[in-house]
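Me: Can you walk me through this model? I'd like to start with the overall build and then go into the details.

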Amino acid sequence: MKFAADRMLGKLAKWLRIMGQDVIYGPHLTGYGLIRAARQEDRLILTRDGRLKQKQPPDYIFVESDRYREQLRQVVKACGLEPLAQAFTRCLECNAVLEPRAKDAVKALVPPYVASTQERFFACPRCNRVYWPATHHERMLEELRTLALLETRN
Ligand SMILES: [Zn+2]
């Protein structure tokens, strides 16, 4: 499943990427720009724009809340996503799928403390940003677990 999020949904886009979902997002993604991008790449539109439907868009989800947690719940539910299944597999900045990297290959690119305490690293093939499990990672995981629990209860 691939998504195109309108420019009002930055935080939702980021959280879907944390879940490993393929989401394009940017300032150009509004109105007809959003519709064009979604058509070109066969993406499901996520929008807060109530007037978008007058522009005859392809498939879309009208996101009801302006709070990201509720937005995320709506999309997870509507699309049957599993919040933890592919978590942390995608670059949060540019949406590319991360690749595993040997510690030696990234040692010079991360803080010394990280290099000496972490064993598993991933990097983005597009922007070269290096990722590793860290404190913020734990907080994100907690958030996704909560979301997954809520989904199984409903
Ligand atoms: Zn990247």
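Me: Before that, what kind of model is it, and which pLDDT do local features need?
Reply: It's a predicted model, where local features need pLDDT of at least 70 and side-chain atom pairs count only at pLDDT 80 or more, while totals for chains, interfaces and linings use all residues. Residues are numbered from 1 along each chain as its sequence is written, and side-chain values use heavy atoms, with hydrogens and water left out.

Me: OK, how many helices and strands in the protein chain?
Reply: Six helices and seven strands. Those are DSSP runs numbered from the N terminus, helices being H or I with at least four residues and strands E with at least two. The pattern along the sequence reads β-α-β-α-β-β-α-β-α-α-β-β-α.

Me: And how much of the chain is buried?
Reply: 45% of its 154 residues. Buried means under 20% relative accessible area, exposed is over 50%, and partly exposed is in between, using a 1.4 Å probe and protein chains only. The C-alpha trace spans about 55 × 35 × 20 Å along its principal axes.

Me: Which strands does β3 pair with?
Reply: β1 (residues 2-5) runs parallel to β3 and is joined to it by three bridges. β4 (residues 60-62) also runs parallel to β3, again with three bridges. Strands count as paired if DSSP finds at least two bridges between them. A4 sits opposite I45, and T47 sits opposite F62 of β4.

Me: Where do the β3 side chains point?
Reply: L44 and L46 go one way, I45 and T47 the other, and all are buried.

Me: What about the strands β5, β6 and β7?
Reply: They form an open sheet in the order β5-β6-β7, with antiparallel pairing. β5 (99-101) and β7 are at the edges with a single partner strand each, so one side of each has no neighbour in the sheet. β5 and β6 (residues 121-123) share three bridges, and P100 has F122 as its bridge partner in β6.

Me: Switching topic: what volume does the largest pocket have?
Reply: About 340 Å³. On a 1 Å grid over the protein atoms alone, a cavity is a set of points where a 1.4 Å probe fits but cannot get out, while a pocket is an open set with protein on both sides within 12 Å along at least five of seven lines; lining residues have an atom within 4 Å of a point. Points are joined across faces, edges and corners, and the volume is the space filled by probe spheres set on them.

Me: Which residues are closest to its centre?
Reply: F88, L98, Y131, W132 and H137, out of 17 lining residues. The largest share of the lining, three residues, comes from α6.

Me: Which other non-glycine has a positive phi?
Reply: N128, also at about 65°. N128 lies in the loop between β6 and β7, and it is exposed at 53%.
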